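Here are my notes on the model, point by point. Please keep the structure open while you read.

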Amino acid sequence: MEAIASYFGFRERDTDLVTEARAGLTTFMVMAYIIFLNPSILGALKIDPAAAAAATALVAGIMTIAMGVIGNYPFALAAGLGINAIVAFTLPAKGLTPDGAMGVIVLEGIAITVLVAIGLREAIMNAVPLSLKRAIGVGIGLFILFIGFVNGGLIVTPQGGSPIVGLAFPTTASQVVFLIGLLITFGLYVLHIRAALIISILATTVIALLTGVQKLPDTFTVTPSFSTLGHFDVGNVFSQLGLITALLTIFAIMLSDFFDTMGTVTGIAAEAGLARPDGSVPGIGRVLMVDSVAAIAGGAAGISSNTTYIESAAGVAEGGRTGFASVVTGVLFLLAVLLSPIAGIVPGVATAPALVLVGYLMFTLVKDIPVADVEDGLPALLTMILMPLTYDITVGIGAGFISWVLIKLVRDKLQEVHPLMFLVSFLF
């Protein structure tokens, strides 16, 4: 115990083993929903949900333990919501295979790792205006929310395709189950129930089973399957899209992953009282390195990029201050691999309400965007709205970059535009 306390610096951070263990358990409880939600989203790629759940828990466990041991911060990692939707919907729409989509994630993870290793992360952070960074997060949130309503069966394309999307009045049992699940999810969240999402997913699954919306399988295997591991292809994106479009696609996903991590890490570190007065985080290089390797690991495991979760703040609220809390969370994820076989029982209408709520949580970033200022507001709007409308994050980011640079050009403010913004906007 003394060795553990010394390694993680319990005394320096004014904490103890019991507090850290409780914090790690809390973080796991509020993150466990991803074990069922990630396979549901990746189901669009026809990936076996039980295998996806097993790999989701496995990679989350290993990388969260690595964050605790190497980074020594109470940050937990798992498959990133938003990026997994891009992998499941956007990239296949461009003609990529499921393995090719995972290959893009491996490549963007490698790109971030290189940037962190050579110390260029600050250059990237300074090049992109803050309003666009926030708009990317909001746009992905709206994208996820839209997918939630589609999976729930309330948003459809009417017969004849006019209008392009429309409301499906709830007349089927699955639509009613989705609405009940939405009510449960919202109710648990507004009551500040810690494990609101995982409870709502499991409760809605039970309702789906009782109403016949979901059937129990004829056969049930209790042994976890890891058939997704190693299913990635880094060459498919180049052969399918060509060099420039492929590089821009990788760059767009990298931006999303990169800024999401930076915002999460700095925000939670500040909440824990571990940030410096200027907001910087001591030892952030180690944290970012683990996070970038997690992106590679997620793609290589066939379950999308893994990234630092904002839900880690729940553990911090319970007193978590060191990496030991992350070690506890990681061990619990590894144990949760044993639960992966039941992922195939969870229907899409049970996970769709969670997508709607997560979309809302990401949307709240909009409050920090100066939308009344046309220089920031118009590019931000294009970034946010085109992602869900086109099912393509690249289109949203590209439109935001191009319009932001053009407005600065028209207003004769070229001195405010970083050279990297010129280059990337030209390529887009």
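1. Start with Gly24. This is a predicted model, and in it Gly24 sits in helix H2 (residues 17-31). Gly24 has a relative accessible area of 0%, so it is buried. Beyond its neighbours within four places in sequence, Gly24 contacts Ala325, Val328, Thr329 and Leu332. Val424 is 400 residues from Gly24 in sequence, and the two are 40 Å apart in space, C-alpha to C-alpha.

2. Next, the aromatic pairs. The count is 11. One of them joins Phe8 and Phe324 edge-to-face, with 5.7 Å centre to centre and 70 degrees between the planes. This pair links distant parts of the chain: Phe8 belongs to helix H1 (residues 2-8) and Phe324 to helix H15 (residues 323-336), 316 residues apart. Phe8 is buried at 8% relative accessibility, and Phe324 is buried at 13%. Ring pairs also connect Tyr7, Phe8, Phe10 and Phe324 into a cluster.

3. Phe89 and Tyr391 make another edge-to-face pair, 5.6 Å centre to centre with 80 degrees between the planes. Phe89 is in helix H5 (residues 83-93) and Tyr391 is in the loop between helix H17 (374-390) and helix H18 (393-410), so the pair ties together parts 302 residues apart in sequence. Phe89 is buried at 18% relative accessibility, whereas Tyr391 is partly exposed at 22%.

4. Now look at helices H10 (residues 196-211) and H16 (residues 348-363). Their axes come within 7 Å and cross at roughly 150 degrees. H10 and H16 are therefore roughly antiparallel. The crossing is right-handed. H10 contributes Leu197, Ile201, Thr204 and Thr205 to the contact; the H16 residues include Val349, Ala354 and Leu357. By class, the contact has 7 nonpolar, 3 polar and no charged residues.

Key. Residues are numbered from 1 along each chain as its sequence is written. This is a predicted model: local features need pLDDT of at least 70, side-chain atom pairs count only at pLDDT 80 or more; totals for chains, interfaces and linings use all residues. Side-chain values use heavy atoms; hydrogens and water are left out. Axes are lines fitted to C-alpha atoms, for helices over the stretch in contact, and angles run from 0 to 180 degrees between N-to-C directions. Helices (H or I, at least four residues) and strands (E, at least two) are DSSP runs, numbered from the N terminus. Angles under 35 degrees count as roughly parallel, over 145 as roughly antiparallel, 65 to 115 as roughly perpendicular and the rest as oblique. A crossing is left-handed if the near helix is turned anticlockwise from the far one by less than a right angle, and right-handed if clockwise. Contact means heavy atoms within 4.5 Å. Ala, Val, Leu, Ile, Met, Phe, Trp, Tyr, Cys and Pro count as nonpolar, Asp, Glu, Lys and Arg as charged, and the others, Gly among them, as polar. Buried means under 20% relative accessible area, exposed over 50%, partly exposed in between (1.4 Å probe, protein chains only). Rings of Phe, Tyr and Trp (its six-membered ring) pair if their centres lie within 6.5 Å; planes under 30 degrees apart count as stacked, over 60 as edge-to-face and the rest as tilted.
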